Amino acid sequence: MVMKLPFLGSSLFLFLALVSVVASGFEKLPILSFDEGYNQLFGDDNLAIHRDGKAVHLTLNERTGSGFVSQDLYLHGYFSASIKLPADYNAGVVVAFYMSNGDIFEKNHDEIDFEFLGNIRGKDWRIQTNVYGNGSTSVGREERYNLWFDPADDSHQYTILWTDSHIIFYVDNIPIREFKRTAAMGGDFPSKPMSLYATIWDGSDWATNGGKYRVNYKYAPYIAEFSDLILDGCSVDPIEFSSKRCDNIQSPEQLMTRIAPSQRSKMDSFRRKHMTYSYCYDQTRYKVPPAECMVNPLEAKQLNKFGPVTFGGGRHHHGKRHHRSRADRSEADSI
Ligand SMILES: *[C@@H]1O[C@H](CO)[C@@H](O)[C@H](O)[C@H]1NC(C)=O
């Protein structure tokens, strides 16, 4: 089937509107109940909905991880969750909050990721962001950071803002990464509708020092709490791919054109203090950094002291493989 994608003209207008939403405070955006916006993806009763219908607990134990997915596909928007990660010993545990269309476009999918990588006792969770466009999985664009708080102590808000020209990652409304579309990156900028996912899974082979520390189920269950789930974008009909419904777009008078200077200086400061890895400086992977990289000698020096930390490399699947194999098994069992 040939997919014609007629929505590429989606506009600067949306970008401006969304930036303005962020600037003017996300509190005004509606928080959907789980049943209104999401479906369980896998993990049977390892997914538990809180009494208020809005908070969700995702559990990983020796049996399975768990996850959920948005009911709709979105082309651009503001996607956010408050997340509290499991405390204590978490090596090998991965929590992911991400957008993808890998189920629809197996060969040329798009993806925008927040990934939380568990750690050994006494060391904090690491956080990673990544972007793939149109199947560009051989060009990882990962960045890694530590945070200015312990993400297992309390809930903190993690946000993906996605327009046709920018992707901005936020933590507690502070921009931590701005990924701009450039002509040189061609199709590597996500531009097809995606669903929003949240998962917890066993990343033993990958997550903590490239698989050196595996999940230890002695410390299970591992529970990640998701709340304040916000889906505010343009939903797209999954069959037609043509009709697009955008919520909460503000009027043009209220728009701002870019990250406000005060926000930008917070971003710069975050990146100076907390970034530990950027693909732009990984000379083992990229003799010549991808074209969008703006190499800055100070940043290079800062990152150099962390050394190239590998996380096993290659593709990983956010636990959906486990989902599939479990589903296959239970089908087999019931025959
Ligand atoms: C995306 O990938 C498909 C299949 O590989 C290709 O035909 C198409 O031109 C690509 N789109 C862009 C925008 O690069």
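**A strand and its two partners**

Mentor: Strand β11 and strand β12, the latter covering residues 174-180, are paired in the antiparallel sense through six bridges, where two strands count as paired if DSSP finds at least two bridges between them, and where strands (E, at least two residues) and helices (H or I, at least four) are DSSP runs numbered from the N terminus. This is a predicted model, in which local features need pLDDT of at least 70 and side-chain atom pairs count only at pLDDT 80 or more, while totals for chains, interfaces and linings use all residues. Residues are numbered from 1 along each chain as its sequence is written.

Within this pairing, I168 has E178 of β12 as its bridge partner. The two strands form a hairpin with two residues between them, and in that hairpin D172 adopts a positive phi near 45°.

β11 also pairs with β10, again in the antiparallel sense, over five bridges, and here W162 has I167 of β11 as its bridge partner. β10 and β11 likewise make a hairpin, with three residues between the strands. Strands of a sheet pair through backbone hydrogen bonds, which may be arranged either parallel or antiparallel.

P151 counts as buried because it has 23 C-beta neighbours inside 10 Å. Between P151 and D124 there are 8.0 Å in space, C-alpha to C-alpha, although the two are 27 residues apart in sequence.

β9 in turn belongs to an open sheet of eight strands, paired in the antiparallel sense and ordered β1-β4-β13-β6-β7-β8-β9-β16. Its edge strands, each pairing on one side only, are β1 (38-42) and β16 (275-278). Further inside that order, β6 (residues 93-100) and β7 (residues 111-117) pair over seven bridges, and V94 has L117 of β7 as its bridge partner. Strand β7 also contains E111, which counts as buried because it has 20 C-beta neighbours inside 10 Å.

Technical notes:
Buried ≥ 20, exposed ≤ 12 C-beta atoms within 10 Å, placed from the backbone.
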